[in-house]
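Here is a short report on one protein model.

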Amino acid sequence: LTDEAVKNYNTIAKVNPPLRTPEDIAAIIEGLQDGTIDVIASDHAPHTATEKNQEFDHAPFGIIGLETLIPLTVTFLVMKKKLTALQAIEKLTAGPARALGLGKYSMQPGSSADIAVIDPITVKKYDRIVSLSKNTPFLGWALTGYANCTILDGRSIMERGRLVVD
């Protein structure tokens, strides 16, 4: 998204830091490519429709980001050959872990089994929001790279896009 998304005071796209120009986005991509930026993350900021549906100056900053972080990364960085899949995975996993001092992630025996299985090919319209909050400007966008399965601490918690309830 660019600053054009808030041109008409669209509170759904009101985020902090604020959206920037295409030139700023190009600079961010350059930083991701050359290693200046080593983390891709999202601030999942759920707000109610009532909170977001008010005068722009009074609406809270933020959008939901958990559901779209990986598909947006795959669609706009990996598929457009701005980053390799391995670079994107590094910036979505090990980069944040290092930044937060959480240690090294690995796929070695004895490591915590925290795994997301991503479909890197199928393009789907983002039209089914799982989050209780619905504040996202990406509704209706065609994206690829959705998680098919998520394993946390060795336990499957999401399969085929649906939460698994024990």
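The text below takes the pocket, then the cores, then the loop residue.

This is a predicted model, in which local features need pLDDT of at least 70, side-chain atom pairs count only at pLDDT 80 or more, and totals for chains, interfaces and linings use all residues. Residues are numbered from 1 along each chain as its sequence is written, and side-chain values use heavy atoms, without hydrogens and water.

**Pocket.** The second largest pocket has a volume of about 1300 Å³. Its lining has 33 residues. Nearest the centre lie Leu-1, Leu-19, Ile-28, Ala-41 and Phe-138. Helix H1 (22–34) and helix H3 (69–78) each supply at least two lining residues. The lining divides as follows.

| Class of lining residue | Residues |
|---|---|
| Nonpolar | 22 residues |
| Polar | 6 residues |

**Cores.** A nonpolar core joins buried residues (under 20% relative accessible area, 1.4 Å probe, protein chains only) through side-chain atoms within 4.5 Å. The largest has 11 residues, among them Leu-19, Phe-138 and Leu-143. A second, separate core of 7 residues includes Ile-29, Leu-77, Val-78 and Ala-88. Leaving aside neighbours within four places in sequence, Leu-143 is in contact (heavy atoms within 4.5 Å) with residues including Pro-71, Leu-72, Phe-76 and Tyr-126.

**Loop residue.** Ser-131 is found in the loop between strand E2 (123–125) and strand E3 (142–144). Is Ser-131 buried or exposed? Ser-131 is buried, because its relative accessible area is 13%. Not counting residues up to four places away in sequence, Ser-131 touches His-44, Ile-64 and Glu-67.

Notes:
1 Å grid on protein atoms, 1.4 Å probe; cavity = no way out; pocket = protein on both sides within 12 Å on 5 of 7 lines; lining within 4 Å. Points joined across faces, edges and corners; volume = space filled by probe spheres on them. Helix = DSSP H or I, 4+ residues; strand = E, 2+ residues; numbered from the N terminus. Nonpolar A, V, L, I, M, F, W, Y, C, P; charged D, E, K, R; others polar. Buried < 20%, exposed > 50% of the residue type's maximum accessible area, 1.4 Å probe, protein only.
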